[in-house]
Amino acid sequence: MAALDITPIQAALRELGLDGWLFANFRGNDPIALTALRLGPAAGGTRRWFYYLPARGEPTRLVHAIETGMLDPLPGKKQVYLSWRTLRDHLRDALAGAGRVAMQYSPENHVPTVSRVDAGTVELVRSFGVEVVSSADLVQLFEARLDAAQIAGHRRAAGHLRALIDELFERVGSELRANREVTERALMDFALARLEENGLVTDHGPIVGVNEHAADPHFEVAENGSAPVREGDLLLFDVWAKERAAGSIYADITWCAYVGDSPPDRMLEVFDVVRRARDAAIALCDEAFRSGRELHGFEVDRAARSTIEEAGFGDRFIHRTGHSIHEQTHGNGANMDDLETHDMRVIIPATLFSIEPGIYLPGEFGIRSEVDVLHAGDRAEVTGPPHQQELVTIRVR
């Protein structure tokens, strides 16, 4: 892992009017600290450590006497503590003169992915007369932006996923036309094998759900006894993967199909509402990015959700509109969310996120349409090949 360059972080702190960024870790409870500071998993340690990075001047490494080398890869002076009293004294000294300091804290837990520091540690820092503010904007700057190579890799992965969707739907049709059984599990295994063949990796098997299973946004395909796919079924396929190289970025796409020639009107109606909600969110992003207007994650959620609410399905859209995407499927950037959380973070250039509204009808079917959107600076780019505009029909006769 590359060594930490503190220069851009200190510049960002000054621009945000902050006196420093305090990282507090105990047994790896803050994965953001490990990645932002370019430390490996072993730096989780068994004792508390702190790293204070001031807006100006030399950082401070505060480590326990039995793990003195824990933060040696980082720049700054080292302070070693043994007792809890010494820990407090050293931490107070490190923060002397600081007024506003960022930590992995989110007021009222609005951004749970950033809320990593415990309340007691926040109380301790405040007891030194320091104001603790959220590091959410800093995290996004240094943990969510993509470079040119990562964007190119993401686009390649998205192209593979889009081709896999066509392959999987074609496989359903060819198998059924040959009077062979098709199951959710067989399709998932096929998808995983094709990802492997294309040099892609994933943290979890894809969602392959028919009918009422498609109405479960986080449906898990059964190891044994999964549902068959038959003529007249609605089939949802949600797949995510990335290239194998270190630093690669996920692509995450969902399409839906009807197994047969003529989808019922109700399915067509629901798909059209989902499509319009997706496109309303994309259009809002594109308008804001082109005009240079700040756009917050919650606003994108509202754009999609209002379309679904106006169509009478508001209570059946039961998750946020989208999530940040990075080296993990769910990254540390702004989420498109005003349901599960109120994400007030501004969507910044060179970040990637999903837009994936859905309508879920228990006992019937669910439809979701998911695309990945890149803030390309002067526009919103839907990455990969063209996204779904019509409910796919799979010929079975």
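A crossing is left-handed if the near helix is turned anticlockwise from the far one by less than a right angle, and right-handed if clockwise. We're working on a predicted model, where local features need pLDDT of at least 70, side-chain atom pairs count only at pLDDT 80 or more, and totals for chains, interfaces and linings use all residues. Residues are numbered from 1 along each chain as its sequence is written, and side-chain values use heavy atoms, leaving out hydrogens and water.

**Exercise 1.** Work out how H8 packs on H9.

*Solution.* Start with the geometry: H8 (residues 265-291) and H9 (residues 297-310) pack at about 150 degrees, axes 8 Å apart. That makes the pair roughly antiparallel (angles over 145 degrees). Next, handedness: H8 passes H9 in a right-handed crossing. Now the contact (heavy atoms within 4.5 Å): Val273, Arg276, Ala277, Ala280, Ala281, Leu284 and Cys285 in H8 meet Glu299, Val300, Ala303, Ala304, Thr307 and Ile308 in H9. Sorted by class, that's ten nonpolar, one polar and two charged residues.

**Exercise 2.** Find the salt bridge of aspartate 301 and say whether its residues are buried or exposed.

*Solution.* Aspartate 301 pairs with arginine 305, with the closest N and O atoms 2.9 Å apart; the cut-off is a side-chain nitrogen of Lys or Arg within 4 Å of a carboxyl oxygen of Asp or Glu. The two sit four residues apart in H9, so about one helical turn separates them. Both aspartate 301 and arginine 305 are buried (under 20% relative accessible area, 1.4 Å probe, protein chains only).

Methods: Axes are lines fitted to C-alpha atoms, for helices over the stretch in contact, and angles run from 0 to 180 degrees between N-to-C directions. Angles under 35 degrees count as roughly parallel, over 145 as roughly antiparallel, 65 to 115 as roughly perpendicular and the rest as oblique. Ala, Val, Leu, Ile, Met, Phe, Trp, Tyr, Cys and Pro count as nonpolar, Asp, Glu, Lys and Arg as charged, and the others, Gly among them, as polar. Buried means under 20% relative accessible area, exposed over 50%, partly exposed in between (1.4 Å probe, protein chains only).
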